[in-house]
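Work through each task yourself before reading the solution.

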Amino acid sequence: MSYQVLARKWRPRSFDELVGQAHVLRALVNALDNDRLHHAYLFTGTRGVGKTTLARILAKSLNCETGVGSHPCGECSACREIDEGRFVDLIEVDAASRTKVDETRELLENVQYAPTRGRYKVYLIDEVHMFSNHSFNALLKTLEEPPPHVKFLLATTDPQKLPVTILSRCLQFNLKRLPPEQIRDYLEQILEREGIKAEPGALRELARAADGSMRDGLSLLDQAIAYGGGEVREAEVRTMLGTIEREFVYDLVRALAAGDGRALLARVGDAAERSTDFAALLAELLSVLQRIAVHQALPGEGLDEYADASEAIAELAAALSPEDVQLYYQIGLIGRRDLPLAPDPRGGLEMILLRMLSFRPAAAAETPAAAAPARPARPGTSGAAGQASAPAAPTAAVSGSGTAQPVSDDWPGLIAAMGLRGLAGQLAENCTLVSCGDNRVQLHLDPAHQHLLTPALQAKLAEALNRCLGREVRLEIDSGSGTPPPAETPAQQQARRSQERQQAAESAIAGDETVRALQDTFNARVQPDSIRPLDDA
């Protein structure tokens, strides 16, 4: 017996076997079970999501010898013949090969005759958007006044090309692209039934490459089984698909985090030697940046496809600030659009990566608590509004030159000297210094920010502290909610000082003579949320 491809062998034959599309199934099942049948159905959606399969199951439900219902028996002659594609009253038409109006008229001439064997004569017209305007006009007359024994099932990947006169006479169901998780789970079920071994990572790669199409996923699975000699292994699937190894992409992100342009270009050179698709490499970089951003906002979330690389994602999330991740993602997204315009794909990718470095914000030389220099007051406002509560920038007690330095009691100044950014910087800003010695530094973390105390962030803070002091010290961070903080954290100091500056600015505006004159003369009002200190404006 000749081999049958998986896409045909495991094609769903009932509504229960169909993967996804619950919103469509619910409507069809209710219509069949409650005898509320329309004469024309239009199924739309991208390739391989089940349009034709759904139409055939519907045709089987209409003509099953046990009666019309959402659960055809699958055993009667009508069900078997429909499954085998030889039921005389199911007329399947490929509109792409019958675009002429004469062919359409010839097809519809037999509509008036009763079905030969079944309960309904079902016309399944695939890719109906390929009909010509004259063919649509010929079809329209039949759709307006169809005989009671006829049902039209139309399928298309491009519903925008259908005339509104056709659309208005059909019940339209839009089939959605299938998420990778559903495709992966279905591939796993099929392999279990086939008795074929597969690595979970290989199925994840196949599901992602299917791009929402179950048929494409099954075709790729067939190819992977043949490529692997009867087994589906991740390394072989990656080679077959030309997938970029994630570790390669992680190296690019690490180079971005370090601001190392040479390392970036070296990795692009490695990709060129492997004949890598640079557009695919950029797409994978964007995917990793998106996972990093999600992890920074909601630690641990959205790592279903990256379960085997959660530590790497956490490491990169700690190494980059959320602002940098958003900037890199936006630059990469625009670059992906413009990459086809580049004279050379490799050069285009290099320019995108260098653009990420060039537009990266310079590291702040001061802590957030350091105020901007005082500026002259604006006309019509008091100078106190711009200069109230402006603290002096703290002086760091270390040089970061590598020479052993004494540990300073000025924790904000030490943070400034370390030059921390991102989540590691947030961890430091929300700590207070408890005690310090030659070999140990103890910090207390604000209990409201306990989520920042992860091994990766603590290790990054310890590394920066050792580098700044020029020697190894043991970093201990207490996050006990029952322990009162010994003093304000730098973040709390900044929040308090910002509030004081804001209050001073509002008081200055309230006492300003010009503002009072405007209020008295024009019945004007001051919008409180529009008042900003000059150093924040």
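**Exercise 1. Find the strands that pair with β4, and say how they run.**

Step 1: β3 and β4 run parallel and are joined by five bridges. Strands are DSSP runs of E with at least two residues, helices are runs of H or I with at least four, and both are numbered from the N terminus. Two strands count as paired if DSSP finds at least two bridges between them.

Step 2: Within this pair, K121 has V150 of β4 as its bridge partner.

Step 3: Strand β1 (residues 40-44) also pairs with β4 in the parallel sense, over five bridges. Here T44 is partnered by T156.

Before going on, a word on the model: it is predicted, so local features need pLDDT of at least 70 and side-chain atom pairs count only at pLDDT 80 or more, while totals for chains, interfaces and linings use all residues. Residues are numbered from 1 along each chain as its sequence is written, and side-chain values use heavy atoms, leaving out hydrogens and water.

**Exercise 2. Decide whether the residues of β4 are buried or exposed.**

Step 1: Buried means under 20% relative accessible area, exposed over 50%, and partly exposed in between (1.4 Å probe, protein chains only).

Step 2: In β4 (residues 150-156), seven of its seven residues are buried.

Step 3: Now sort them by face. In a regular strand the side chains alternate between the two faces of the sheet. On one side of β4 are V150, F152, L154 and T156, on the other K151, L153 and A155, and all are buried.

**Exercise 3. Describe the sheet that contains β7.**

Step 1: The order is β6-β7-β8, an open sheet of three strands with mixed pairing. Its edge strands, each pairing on one side only, are β6 (431-436) and β8 (474-478).

Step 2: β6 pairs with β7 (residues 440-445) in the antiparallel sense over five bridges. Look for S435, which stands opposite Q442 in β7.

Step 3: Helix α21 (residues 455-469) packs on the sheet and touches β7 and β8 (contact means heavy atoms within 4.5 Å). The direction of α21 makes about 135° with that of β8; axes are lines fitted to C-alpha atoms, for helices over the stretch in contact, and angles run from 0 to 180 degrees between N-to-C directions.

**Exercise 4. Find a residue other than glycine with a positive phi.**

Step 1: Go to the segment after α23 (513-522), where N523 lies.

Step 2: The phi of N523 is near 55°.

Step 3: N523 is exposed, with a relative accessible area of 68%.
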